[in-house]
Amino acid sequence: KKANFLSSLAKELLFKLKSAADLNYLALGKSIVANLEQKHIQIFLHDNPSARVLAKLGWDGGLEPPTCAENCLNNWFGLVEANVGVNKSNTFIARKMSIVSQVSNEKITNTLKVELNNKASTALGNKAFYKTFARLISPSQTTLVSVQKSGEELIPESSEVRGRRESGVLVEVLPGQRVNLEFVWELPIKADLGREGEYVLFWRKQAGTGNDQISVKLVFPQSLTLEGDTEYNGLLSGDYVSRIHW
């Protein structure tokens with residue numbers, strides 16, 4: 001039923017676009033690009049050269065962390081939630097997330113906190129019961145320190161997939177309930193902090209999610225003279241990238 005509905009909807013949309021006499025193509029183009037940037041639309045092509053262009057733009061749903069110069073700390077991650085409850089409870093979930101990334105001479109320690117707030121009415125019962133497998137995606141060199149749910153220690157499923165580390169836990173959020181997740185992981189430092197360099201933090205937005213509220217705090221050794229902002233509060237409307245030079 002779902003596939004038939006989406007096919008019918010797509011055909012009707014294409015028909016209206018082709019038959020509209022007063023269509024504002026500029027506004028339509030801006031809307032499409034905005035939705036591609038915010039990962040509400042993804043494109044797959046069999047033509048490999050064109051597909052590579054889409055991948056570089058981040059429009060194919062893939063994971064393309066930004067590259068950086070020779071003496072560089074490239075710190076990237078993403079959180080992916082998969083609703084395994086066979087319902088549409090995603091629509092009731094509001095998120096608040098924060099990342100604290102602390103750089104020392106030996107390693108980067110990241111602490112990601114996620115508040116999942118199920119705003120559904122308790123009268124909806126199982127229809128609004130959010131059961132999700134939440135995965136932290138990070139570089140393959142990641143050492144996972146801990147995963148907690150509202151203060152309770154969890155044992156994640158962890159594996160290496162296509163050169164990255166995936167660490168996931170099953171989380172349940174009842175209607176009207178808030179659940180707090182915390183992921184702590186470490187990355188080894190390969191850059192020389194004694195000479196000029198660059199730190200890149202890349203936070204991948206999950207496709208299909210809303211503009212979740214986030215905060216970012218970067219903590220560096222006092223010996224570094226920094227160029228750029230080390231704190232950010234805003235919305236994760238697209239992939240977030242921060243570049244700091246020292």
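Mentor: The side chains of Lys113 and Glu182 meet in a salt bridge, 4.0 Å from N to O. A salt bridge here is a side-chain nitrogen of Lys or Arg within 4 Å of a carboxyl oxygen of Asp or Glu. Lys113 lies in strand S3 (residues 107-118) and Glu182 in strand S9 (residues 178-188), so the pair ties together parts that are 69 residues apart in sequence. Strands are DSSP runs of E, at least two residues, numbered from the N terminus. Lys113 is partly exposed, with a relative accessible area of 43%. Buried means under 20% relative accessible area, exposed over 50%, partly exposed in between (1.4 Å probe, protein chains only).

This is a predicted model: local features need pLDDT of at least 70, side-chain atom pairs count only at pLDDT 80 or more, and totals for chains, interfaces and linings use all residues. Residues are numbered from 1 along each chain as its sequence is written, and side-chain values use heavy atoms, with hydrogens and water left out.

The count comes to 12 salt bridges. Among them is Arg95 with Glu81, the closest N and O atoms being 2.7 Å apart. Arg95 lies in strand S2 and Glu81 in strand S1 (residues 72-83), so this pair joins parts 14 residues apart in sequence. Both Arg95 and Glu81 are buried. Arg164 forms a salt bridge with Glu166, at 3.1 Å between the closest N and O atoms. Glu166 is buried, with a relative accessible area of 10%. Glu70, Asp192 and Arg195 are linked in a network of salt bridges.

Technical notes: Helix = DSSP H or I, 4+ residues; strand = E, 2+ residues; numbered from the N terminus.
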